[in-house]
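Please look over the sequence and the model shown here before reading on. The report is meant for someone meeting this structure for the first time.

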Amino acid sequence: MTSTEGEHRVEGGLWWNAGTWTVRSVPVQGGTLPETGAPWRRVPGWLLFPLAPVVGGAFVVALPLVGAFLVVQEVARRVLAGGGRAARDLAATVAAPSPRTGEAHLTGAPGAEPTTPAGAEPLDEVEADVRGRKAQEQPPR
């Protein structure tokens, strides 16, 4: 069998590409074959007649196997995706929500008494001081 790469001038006959499993008929005067990345091989015509039923039989046997494989693959993908969804839902109920922009979390837990940090003035004293300063700054009427 003669072998060649694509885009070369070849003599007439039947040419088979193992990469794409295609057969091209080239006229008797010759022609060029398309570039496919795999070599083209010249095949005698009498060899294609017994080869056609073998290839067809391979497809008949392989097609149900391919179908069964695709069904099993899809079922496994859905089962695994469902497990991922359940884990994501569980994590969403357990995880603390993230704070929103502009939201202050300074008082601790809801319903807890606010505490004054060590060394800080109590809020009542600060409020009284602010009121006193505002009274001093007001201009006379």
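What follows goes from the whole chain to single residues and their pairings.

## Basis of the report

This is a predicted model, in which local features need pLDDT of at least 70 and side-chain atom pairs count only at pLDDT 80 or more, while totals for chains, interfaces and linings use all residues. Residues are numbered from 1 along each chain as its sequence is written, and side-chain values use heavy atoms, with hydrogens and water left out.

## The chain as a whole

The protein chain has two helices and six strands, where helices (H or I, at least four residues) and strands (E, at least two) are DSSP runs numbered from the N terminus. Read from the N terminus on, the order of the elements is β-β-β-β-β-β-α-α.

Of the 141 residues in the protein chain, 11% are buried; here buried means under 20% relative accessible area, exposed means over 50%, and partly exposed lies in between, with a 1.4 Å probe and protein chains only. The accessible surface of the protein chain comes to about 11900 Å², and 63% of this belongs to carbon and sulfur atoms; such areas come from the Shrake-Rupley method with a 1.4 Å probe, and for residues only the protein chains shown count as cover. Among contacts (heavy atoms within 4.5 Å) between residues at least 6 apart in sequence, 45% join residues at least 24 apart.

## Asn17 in strand S3

Asn17 is found in strand S3, which covers residues 13–17, and Asn17 counts as buried because its relative accessibility is 0%. The side chain of Asn17 reaches the backbone nitrogen of Gly19 at 2.7 Å. When neighbours within four places in sequence are left aside, Asn17 is in contact with Thr22, Thr36, Ala38, Pro39 and Trp40.

Val66, Phe69 and Leu70 make a nonpolar surface patch of about 300 Å². Patches are made of residues with over 30% relative accessible area and no salt bridge, like charges being joined within 9 Å and nonpolar side chains (Val, Leu, Ile, Met, Phe, Trp, Tyr) within 5 Å. Leu70 lies in helix H1, residues 45–94, and counts as partly exposed because its relative accessibility is 47%.

Side chains of opposite charge can pair when their charged atoms come close. A salt bridge is a side-chain nitrogen of Lys or Arg within 4 Å of a carboxyl oxygen of Asp or Glu, and a search of the whole structure finds five of them. One of these joins the side chains of Arg78 and Glu74 at 2.9 Å, N to O; both residues lie in helix H1, four residues apart, about one turn of the helix. Arg78 is exposed at 61% relative accessibility, whereas Glu74 is partly exposed at 29%. Glu74, Arg77 and Arg78 are linked in a network of salt bridges.

## Helix H2: two pairings

In helix H2 (residues 123–137), Glu127 and Arg131 are separated by about one helical turn because they are four residues apart, and their side chains meet in a salt bridge of 2.5 Å, N to O. Glu127 is partly exposed at 39% relative accessibility, while Arg131 is exposed, with a relative accessible area of 57%.

Asp129 forms a salt bridge with Arg133, the closest N and O atoms being 3.4 Å apart, and these two residues also lie in helix H2, four residues apart, about one turn of the helix. Asp129 counts as partly exposed at 38% relative accessibility, and Arg133 counts as exposed at 51%.

Definitions and conventions. A polar contact is a pair of N or O atoms within 3.5 Å; within protein, one must be able to donate a hydrogen and the other to accept it, and residues adjacent in sequence count only if both atoms are side-chain atoms.
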